[in-house]
Amino acid sequence: MESSSEGVAGPGDEGGVVAEEVPGQVPGQADAPTVAREAAAQEAAVPGAAKPVVAIAPTSLSPSRAGDFMQCPLLYRFRVIDRLPEKPSPAATKGTLVHAVLERLFDAPAAERTAPRAKSLIPGQWDRLRESRPEVLELFADDPEGERLAGWLSEAEQLVERWFTLEDPTRLEPAERELFVETELESGLRLRGIIDRVDVAPTGEVRIVDYKTGRAPRAEYAEGALFQMKFYALVVWRLKQVIPRRLQLVYLGSGDVLTYDPVPADLERVERKLLALWDAIRTATETGEWRPRPTKLCGWCDHQAHCPEFGGTPPPYPLTVRAAESEAGAQGRMGPD
């Protein structure tokens, strides 16, 4: 994703035509979408009148939605504006489960943060995940004997166990876990996201850590993998006027740790890139030109039935776009949304 260019490298992240990424929600999905609320309000105001659909101009950007737009502008539209449903995937759901286990492990005293203790948390966290997101049950609907589920849970155990070969939780006391961050740049662009873990050294140096349940990318793709981390570093810098000392990606799938120490020039370059990306998102919102960008990733897309590249037709696009109301409050936040 990240490139040396300061402009848009391709389709990108959390954009807010109507959607924001909120802790506890599935990216790209939110309760009571603004588009639906606006349409309902207009219908109530003028009984029997035509029902124009209104889109709210984007107001915020997160790493996931920026990644969507950079990958494919039409994918961004399907997820953020149209809110088309997506089936849960085994890999993504496993990642959610492992993240929850690693977060909860730090509730225990340092001496009790062992691999057996972590693996013992998996069944309970799986139960919680099924309660909060019943759609994940679809993953094993055709598995009446529970064989595939058992194998899948075993894979989650292996990922959790591998983490102990990469970090020692008995020597860690995270300052924050699953930290929601949000800030507004001078341009008015609001950035937001959720950081897996924040460590603060006794000397005050900050380390941002993100867990990945997949494999580490090849060296030529490492810069793209760091885009999300630089995004978070930029938000923390603008909020706290402190540049994180280290960005750390922990790849549980391959047992690798990727680190990077950012400098102001890095984060200023990311900021310029995000502003260019945001301009492209706003233009697409106003013009309705959300162009598909075919790649090998299309084979995993849930929206082929609506994509012109596969002979599909996108849903009707809102004809009216109005500016979003300004958000009152502080310049930014760190903590619960």
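Select Arg215 first: with a relative accessibility of 63%, Arg215 is exposed (over 50% relative accessible area; buried is under 20%, partly exposed in between, with a 1.4 Å probe and protein chains only). Arg215 sits in the loop between β5 (206-212) and α8 (222-225); helices (H or I, at least four residues) and strands (E, at least two) are DSSP runs numbered from the N terminus. Val250 is 35 residues from Arg215 in sequence, with 9.4 Å between their C-alpha atoms.

This is a predicted model, in which local features need pLDDT of at least 70 and side-chain atom pairs count only at pLDDT 80 or more, while totals for chains, interfaces and linings use all residues. Residues are numbered from 1 along each chain as its sequence is written, and side-chain values use heavy atoms, without hydrogens and water.

Next, select Leu61, Leu191, Ile195, Leu274, Leu277, Ile281 and Trp290. Of the 46 residues in the largest nonpolar core, these touch the most other members. Such a core is a set of buried Ala, Val, Leu, Ile, Met, Phe, Trp, Tyr and Cys residues joined through side-chain atoms within 4.5 Å. Helix α9 (227-240) gives the most to this core, 10 residues. Which residues does Leu274 contact, leaving aside its neighbours within four places in sequence? They are Leu61, Leu189, Leu191, Phe227, Phe231 and Leu234. Apart from this core lies another, of 23 residues, including Trp126 and Leu139.

Now turn to the rings. The whole structure has 11 aromatic pairs: rings of Phe, Tyr and Trp (its six-membered ring) with centres within 6.5 Å, counted as stacked with planes under 30 degrees apart, edge-to-face over 60 and tilted for the rest. Select Trp126 and Phe140: their ring centres are 6.2 Å apart and their planes at 85°, so this pair is edge-to-face. Trp126 belongs to helix α6 (residues 122-132), and Phe140 to the loop between α6 and α7 (147-166). Trp126 is buried at 4% relative accessible area, and Phe140 is buried at 13%. Phe231 and Tyr232 also pair edge-to-face, with centres 6.3 Å apart and planes at 90°. Finish with Phe69, Tyr76, Trp290 and Tyr317, a cluster linked by ring pairs.

Terms used:
Contact means heavy atoms within 4.5 Å.
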